[in-house]
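Thank you all for coming; I would like to take a few minutes to go through one model with you. Please have the picture open while I talk.

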Amino acid sequence: MMQVNSSAFKEIAHKALHDDQLQEALGLLRTNFGDARATAVERLPEFGALRNAGRDIRNHTLENLDHYLEAWEVKATEQGAIVHWARDGEEARRIILGLCRSVDAKLMAKSKTMISEEIALNPFLEDEGIEVIETDLGEYILQLADEPPSHVIGPAIHKTKEQVADLFRDSHAALDPARRLVEISDMVGEARQVLRERYFEADVGLTGANFLIAETGSSVIVTNEGNGDLSQGLAKMHIVLATIDKVIPTLNDLATVLRLLARSATGQEMAAYTTLSTGPRRTDAEGGPESCHVVILDNGRTGWLGTPFQEALRCVRCGACMNHCPVYGAVGGHAYGWVYPGPIGAVLTPALVGIERARHLPNASTFCGRCESVCPMRIPLPKLMREWRRQEFESKIQPLRQRFGLAFWRWLAQRPVLYRWATAIAVHGMRLLARDGRIRRLPLAGAWTSVRDMPAPARRSFQSQWKGRK
Amino acid sequence: MSARDDILAKVRAGIGRKPGTDRGPRPVPAPIPARGQVEGEARLVLFTKQAEAVAATVVRIPDMAALPAAVSNYLAGQNLPAAIMATADTDFDTVPWNTQAMLEITRGTPGIADQVCLAQAAAGIAETGSLVMTANADNPHMASFVPETAVVVLRASRIEGTLDDAMARLRVTGDLPRAVSLISGPSRTGDIALKIELGAHGPRRVHIVIVDEPEAA
């Protein structure tokens, strides 16, 4: 499993706030992805109804997941794919290694898959002597930089173009050192040139899957670069790595979720490439892989079924929740310390690595609700983060001071008379501390007031004003 | 217990599946956006508008006899060499290529050195301006991904209104080909500083030639 750094959320977030280059990159995210989504949604009057339909399709599939997984398996096998099941990352890695060995593979061309990050596939294969080349430009940049992704669809958004230029100069030693590497187009061209030969050399092409279609036995990848197609289309063997939650029933369901996916992700109406892959090549003349293997991974997801977290399995990894999250927008993806950042990461990471290792994440939310309001699958992300907070409290893993504080609050909030009396005193005390309507230092809230002032409370609380109006 | 049986048993336990029970009823069908539900000329206009919106270029010709001139004009306009690799699609066999003396035609599957490839689309989708490319011996999957410039012939009669119509068309032929690609414009990436650049790994240019004449029955 990829190393979990989620317990260092506070430290990494603190550094991120003072990282000017990162802050510049995050600013672009709000304008380029956030605004683009709003425009795309405006242009499709049926968008809201489609979100309901997408949610219902995914709910129906999850409620009948055994049926659809088996139906998909029957069809995929009939079409010549070989289906492998893996309970966890270790099993999946072993299966993939075995497949690579069976064709004596030296080089794997790999299209972006978040699941492969989840199970730390690359270091495992490299240790076994199989070279892995990431072909998605963002993932390729991160492979050169030896960094984890910081966003589910723009893995390298935290890098500036100058950082990428330096990285390319260091890594592409065979190219002319005097070459021009100033504009982004220069860098995209260079990556294209370098990776092009590798596609033709690769023995195995590994892709993820945005969806599996039960009706046809297909796997579907959605990309903008075309790297996923080149990875699978030029190698001897195509390996698909997918988790159990990816299955949808029919081609029409695919049409529905496609209308939601790209709009939510980048504000595109469709990504440049949506490819349905079904089995191996049918004839030698058409080319394409001689064999096709699909590895279906659970990695703990079956444990979420029948719990509140079943709803998180609707996720299509569009990234809209992080594009619209004020916390993600301030600290970036690396602060979350594992594969999935942002609000969906705050829900998935505790489920995948344990709440004790990721307890900061569901707390790193203002509960403003923007994530839920843009989620194409209407996943109630704040509700699920709140559920983690509840489990965190019940499992007694918070520091004592925090637990006592919360316990005291609960005790107080359940006693209305006492509560009103206590808040009236607190308001009075805070007003005494205020100068010109601002409180600059507040006992027990030093962390807050060390970086900003707190506005002085109104003379009368909302509750007493409300009572007065009746 | 095999991993398969173990995972499926956990799924059944999780969703509370009782032995011998069938799957629940499907939800009501999803709405199909009104935008793509247009016929005839309006559908062609929508397809063209949507394809151009994703940075593809589109021309329309009356029949396949006009294809050589359309290809030559496009290559000249883009300052590209007058050489093209055309797929083995039998529809290209009878095209009067000799009407363009300067145009060099080779047939087959494009390799790493081929700059421009000509292929034929199985369908088009007006709703999204997408091409539907189905992999077979006539039009291999890689013909639309390897070259820098993809020139694609699309019969007007094959342009469907909506994504759902295109899915229905795929379903008619029974099992799917190994690869079906819905292609919406050229390859692109926003992976460096979120600035969109065309031609990441797939074609930098996608030129669509709509042919009004339907294919011979």
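I will begin with the model and its chains, then turn to the sheets, the contact between the chains, and finally one arginine.

What you are looking at is a predicted model, and its overall scores are an ipTM of 0.97 and a pTM of 0.94. For chain B, the average pLDDT is 95, with 100% of the residues scoring at least 70.

Let me stay with chain B for a moment. Its secondary structure amounts to four helices and 12 strands, and its C-alpha atoms occupy a box of roughly 70 × 40 × 40 Å along the principal axes. Chain B has 217 residues, of which 49% count as buried. If we take the contacts in chain B between residues at least 6 apart in sequence, 74% of them link residues that are at least 24 apart.

Chain A, for its part, is divided into domain 1, covering 44-301, and domain 2, covering 415-469. Taken over C-alpha atoms, the centres of these two domains of chain A are separated by 53 Å.

Now to the sheets, starting with one in chain A. Here we find an open sheet of six strands with parallel pairing, and the strand order in chain A is β1-β10-β7-β4-β2-β3. At its edges stand β1 (82-86) and β3 (131-134) of chain A, each of which pairs on one side only. Within this sheet, neighbouring strands are turned against each other by 20° on average, with direction ignored. To look at one pairing in detail, strand β7 (residues 237-243) of chain A runs parallel to strand β10 (residues 291-297) of chain A, and seven bridges connect the two; in that pairing, V240(A) has V294(A) in β10(A) as its bridge partner.

How do the strands of the two chains follow one another in the open sheet of eight strands? The order is β8(A)-β5(A)-β6(A)-β9(A)-β9(B)-β6(B)-β5(B)-β8(B), and the pairing is mixed. At the edges are β8 (247-248) of chain A and β8 (159-160) of chain B, and because each has a single partner strand, one side of each is left without a neighbour in the sheet.

Where the chains meet in this sheet, strand β9 (residues 273-277) of chain A and strand β9 (residues 179-183) of chain B run antiparallel and are joined by five bridges, with Y273(A) opposite I183(B) in β9(B). Further along, within chain B, strand β5 (residues 123-125) pairs in the antiparallel sense with strand β6 (residues 130-134) over three bridges, and I125(B) has S130(B) in β6(B) as its bridge partner. On the chain A side, helix α12 (residues 251-265) lies across β5 (211-213), β6 (218-223), β8 and β9 of chain A, and runs at about 160° to β5(A).

Turning to the contact between the chains as a whole, 82 residues of chain A are in contact with 61 residues of chain B. On the side of chain A that touches chain B, helix α10 (residues 184-201) of chain A gives the most, with eight residues. The residues on that side of chain A divide into 36 nonpolar, 29 polar and 17 charged.

Finally, consider R410(A), which is found in helix α18 (residues 400-413) of chain A. Why does R410(A) count as exposed? It does so because R410(A) has 10 C-beta neighbours inside 10 Å, and the cut-off for an exposed residue is 12 or fewer. From R410(A) to R440(A) the separation is 30 residues in sequence and 28 Å in space, C-alpha to C-alpha.

Notes. Residues numbered from 1 in each chain as written. Chains lettered and ligands numbered in written order. Predicted model: local features only at pLDDT ≥ 70, side-chain atom pairs only at ≥ 80, totals over all residues. Domains from an automatic or database assignment. Buried ≥ 20, exposed ≤ 12 C-beta atoms within 10 Å, placed from the backbone. Contact = placed C-beta atoms within 7 Å. Pairing = 2+ DSSP bridges. Axes fitted to C-alpha atoms, helices over the stretch in contact; angles between N-to-C directions. Nonpolar A, V, L, I, M, F, W, Y, C, P; charged D, E, K, R; others polar. pLDDT = per-residue confidence, 0-100.
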